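Dear colleague,

Please find the structure below, together with its sequence. My notes on what was found in it follow directly after.

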Amino acid sequence: MRGLLALLCLVSLAAQADVIPTPTKEGLYDTRKKIWLTLAEAVAAVSPGTFVVLGEQHVTKANENEPAIILHHANQLRWLKQMNREAATRYFNAQLGMEFLDYTDQVHVNDFLTAKITETEFLKSVKWGANPFEPYGRLMRESITTANPGTLALNIPREIAHHVATDGPGSLTQDERSYLPLIWERGGPEYFERFHDAMNGHVPEDKIAKYFWAQSLWDDTMAWRATRRHTPLDQITIIVGEFHAEFNHGLPARLKRYGAPDVRSMIQVAITSKESFTDAVKADPKYGERADYLWVFTTD
């Protein structure tokens, strides 16, 4: 309890003085090279033209005060700040893309980040749900400080994804189809297997395939929107639910399908001080490495 109160106090101060809470211990494990990196070293290893798919655990009203979630979202901001510093030094553009924002709302994103509308007006315009906005608002505000258009809204309009999840891909109207990405393909068999296991018991069996088509639509839309804004001098970090990033099955695979030259996935792994960093980065016996980078950090 004492550690939690101290952490919450630190978060309160962060809002006042831009102090970002940091883990007691952390390391970024490169699963390809089998080496541990610091945050600065991991960012320095990212070249212009690279896409980084940063998987996240979504913050909700139910979990927003949990130490692991607080540090998890603070780490996202630390990553973006470090990437902005690196971009300024090496003269490339560091951009931010977000799953939570529909690409049709890009004008509202731009208006918010240029102070043409208030935060309240922005949240109403994009139909933001019940999840806390501030962790994502901090990222968006940080993105506008770089030499880029700010935050990229990447997802398909949610009513279209909902229609697919409910009635299947063949049910879309001609108007709805005009919003679809250039390529929309069903995700691979291992991706579906993991999706089926995750959804089984929560969704009727006969609807899981339709839900997976919607999941695949999210991936393809985000890949399409991100690659169309990309140049060799752009580095884009995409914040997305970690299921879309794990094992390079979802969004990383679709970015490559859209021609992205260098795609790297990253997943955060929260552990206690009594747990082993080595155990935290063990590959899955069936699906292999969970991501290209595993950002392991302690929660106590």
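Which residues of helix 9 (residues 189-199) are buried? They are Y191, F192, R194, F195, H196 and M199. Please bear in mind that this is a predicted model. The cover over these buried residues includes helix 10 (205-228). After helix 9 comes G201, which has a positive phi, near 95 degrees.

D292 is buried but has no salt bridge. The nearest side chain of opposite charge, that of R32, is 4.3 Å away, and a salt bridge is counted only within 4 Å. The side chain of D292 does have polar partners. One is the side chain of N248, with a polar contact at 3.4 Å. Leaving aside residues up to four places away in sequence, D292 touches Y29, D30, T31, R32, N248, V263, R264 and S265.

How do helix 4 (residues 106-113) and helix 6 (residues 134-143) pack? Their axes are 10 Å apart and form an angle of about 75 degrees. Helix 4 and helix 6 are therefore roughly perpendicular to each other, since angles of 65 to 115 degrees are classed that way. At the place where they meet, helix 4 contributes V109, F112 and L113, and helix 6 contributes M140, R141 and S143.

With kind regards

Key: Residues are numbered from 1 along each chain as its sequence is written. This is a predicted model: local features need pLDDT of at least 70, side-chain atom pairs count only at pLDDT 80 or more; totals for chains, interfaces and linings use all residues. Side-chain values use heavy atoms; hydrogens and water are left out. Buried means under 20% relative accessible area, exposed over 50%, partly exposed in between (1.4 Å probe, protein chains only). Helices (H or I, at least four residues) and strands (E, at least two) are DSSP runs, numbered from the N terminus. Contact means heavy atoms within 4.5 Å. Lys and Arg count as positive and Asp and Glu as negative; His and the chain ends are not counted. A polar contact is a pair of N or O atoms within 3.5 Å; within protein, one must be able to donate a hydrogen and the other to accept it, and residues adjacent in sequence count only if both atoms are side-chain atoms. Axes are lines fitted to C-alpha atoms, for helices over the stretch in contact, and angles run from 0 to 180 degrees between N-to-C directions. Angles under 35 degrees count as roughly parallel, over 145 as roughly antiparallel, 65 to 115 as roughly perpendicular and the rest as oblique.
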